Each structure stands twice: as C-alpha cells, then as structure tokens.
Amino acid sequence: MPEAPKVRRLFAAIARRYDLANDVLSGGTHRLWRRRLVRRVGIARGVSALDVCCGTGDLARAMRRAGAKVIGVDFCQEMVALAARKAGPDTGAYAVGDALQLPFPDAAFDVATVAFGIRNVADPVVGLREMARVCRPGGRVVVLEFCRPRAPVFASVYGLYFRRILPRLGALVSGDRQGAYRYLQETVDAFPERDAFLRLMRAAGLENPRYEVLSLGIASIYQGEVPLRRIAITPGAACNQAGGSSEVGGPVRAEIHGSTLRGAISPVFAHGAASPPGS
C-alpha cells in the first residue's frame, strides 16, 4: 500500500521537471496514449469530466481541447500549481484534493478519468468507487495505467529498459534523489493489471468493465460504467488506513486554481459543496 507522505514527497520533488521526464522516458508516447483515451471514450463538447490524480494536467487539457468541461484534482500542491500555470488564466480549473474522498457532490460529472495514478492510491477500489460516486448514473470511469507486456521477446527487452535503465534515466533527467522512478518501476510490477484490474472495477460497483491494450502491452485503457440504479455511497466512507490524506491519506481540501472556476462558481463550490460549472 503506498504511503501518503512518501508519495507526496516524491511527486513534489520531481514536479518541476516531471513533463520533461515523461517525454524523454516514453519518447512522447504518453501523449498519444492520452489522446487515444479521449477518442476512445468519445470526449466531446459539453461533456463534464473530472480528472483524478491529474498531475500537471496533460489529460485534463486533452479533454478540454476536445470541448469538455474539466476539473483536475490531485493531492500534490506542486503538481496542481504547475497544471494551473500551464492551463493559463481562463482555461484551467484544478483542485488539491483526496482521491479517496473527492470534494464533489454525487452525480456531478459525465465521466471521471485517472491516468497513471490509480496505483498510487492507498485503496484502488475505494478510489474507483469515489470516481463512480461523482459520476451520473450511466456515466463512465476511465483509467489509463501501465501494464506489463507479454510477448516474450518484447517483454524481455522492455523489462530490461523498465527495470534497469528507466530508473537511472528518470533520476538523471528529473534531478530526482528520492527514488521516484524506482518507485514507479516497483509499483507497476506489483499492481493488478488487465483481468485482475477488471475485478477491482467490479468490486467498486462498475458495470461492463473492459480494457484495450496499447503499445504492445506497455499500457492499457480501462472503462467501466456507473449503474443506472445504484446504492448511495457516502463520500469517503471507506477512507484509507493511512490516516485519510490526499489521494493516499490527509485532510480533505479543495483549493481551486484557475479563474474559470473563480468566475463561474460560488465560493461554496471551491470547498467541494456545490455543483460544477454548467450543472
């Protein structure tokens, strides 16, 4: 189970060069994966979306470019600040908040996404359940996450890169001295993938879970649907054992960054108690 303070420190330490490291380590492929998610899910004008574990906002911006109304939420203040800065004064809405106790009302969004973040959550099933709670009945929960290639030759070559080269290269590019890219390798190797992850989605109450493998098995897009009729879920009722912090533990807070939200919502919503823009 990820430890909240450790994970937050790791991401805060690499935030400034996080985007550069992603581009170098993946050869830019991570951007293609995010665009594939937007097309696969059918993100279009007028769709309301919540991007959980949003990092520096790449997926949120991709959905916004497709016409969606998007809020990004992450537990790392440094990442959220960068996401808001990259989005500009009139196009971004971001919050510091807890994936296990999302500061948004029930049925507030059409879709909830998370890219390369669900394995950092202390309890993935609770995280998925929270994403389902804030989606309307019939809405979708969509996950983009690393998985492990299975084609024998490619799996061996990629395994050598991922376990031996990537942690060192990531540390060099990002200036990381706390082991963030070793943590990446270890969590990907340990996290449930493919059919095992579909079981987590079912355990979270999602219907019709399915996945699409990308780039010879390096990553996958998972989708599940929120039931049209469901039992009410109390926000954060099954919060993590690590003490309740943002994403992997801590007090809930929803500091909204971005003038779009400031101009379009009430101050109450900035603390997670009203409705998203356009609702």
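## A tour of the predicted model

Among contacts between residues at least 6 apart in sequence, 71% join residues at least 24 apart. Keep that in mind as you select pieces. The model is a predicted one.

**Start with the whole chain.** Colour by secondary structure. The protein has 10 helices and eight strands. Of its 279 residues, 56% count as buried.

**Select helix 1 and helix 8.** Helix 1 covers residues 4-14 and helix 8 covers residues 180-190. They pack at an angle of about 125°, with their axes 10 Å apart. That makes helix 1 oblique to helix 8. Their crossing is left-handed. Now show side chains. Val7, Leu10 and Ile14 of helix 1 make the contact with Ala180, Tyr181 and Tyr183 of helix 8. By class, this contact has six nonpolar residues, no polar ones and no charged ones.

**Next, select helix 3 and helix 4.** These are residues 29-41 and residues 58-65. The angle here is about 45°, and the axes are 10 Å apart. Helix 3 and helix 4 are therefore oblique to each other. This crossing is right-handed. On helix 3, pick His30, Arg31, Arg34, Leu37 and Val38; they meet Asp58, Leu59, Ala62 and Met63 in helix 4. By class, the contact of helix 3 with helix 4 has five nonpolar, one polar and three charged residues.

**Go inside.** In soluble globular proteins, nonpolar side chains tend to be buried together. Which residues have the most contacts inside the largest nonpolar core? Select Trp33, Ile43, Met63, Tyr94, Leu144 and Tyr181. This core has 51 residues. Its largest share, six residues, comes from helix 5 (residues 77-87). A second, separate core has 36 residues, including Val52, Phe104, Val126 and Val143.

**Zoom in on leucine 144.** What does this residue touch, leaving out residues up to four places away in sequence? Its partners include Trp33, Arg34 and Leu37. Val114, Ala115 and Phe116 are also among them.

**Finish at arginine 229.** Look in the loop between strand 7 (219-225) and strand 8 (255-257). Is arginine 229 buried or exposed? Its relative accessibility is 80%, so arginine 229 counts as exposed. Glycine 138 and arginine 229 are 91 residues apart along the chain. Their C-alpha atoms are separated by 8.7 Å.

Technical notes:
Residues numbered from 1 in each chain as written. Predicted model: local features only at pLDDT ≥ 70, side-chain atom pairs only at ≥ 80, totals over all residues. Heavy atoms only, no water. Axes fitted to C-alpha atoms, helices over the stretch in contact; angles between N-to-C directions. Helix = DSSP H or I, 4+ residues; strand = E, 2+ residues; numbered from the N terminus. Parallel < 35°, antiparallel > 145°, perpendicular 65-115°, else oblique. Left-handed = near helix turned anticlockwise from the far one by under 90°. Contact = heavy atoms within 4.5 Å. Nonpolar A, V, L, I, M, F, W, Y, C, P; charged D, E, K, R; others polar. Core = buried A, V, L, I, M, F, W, Y, C linked by side-chain atoms within 4.5 Å. Buried < 20%, exposed > 50% of the residue type's maximum accessible area, 1.4 Å probe, protein only.
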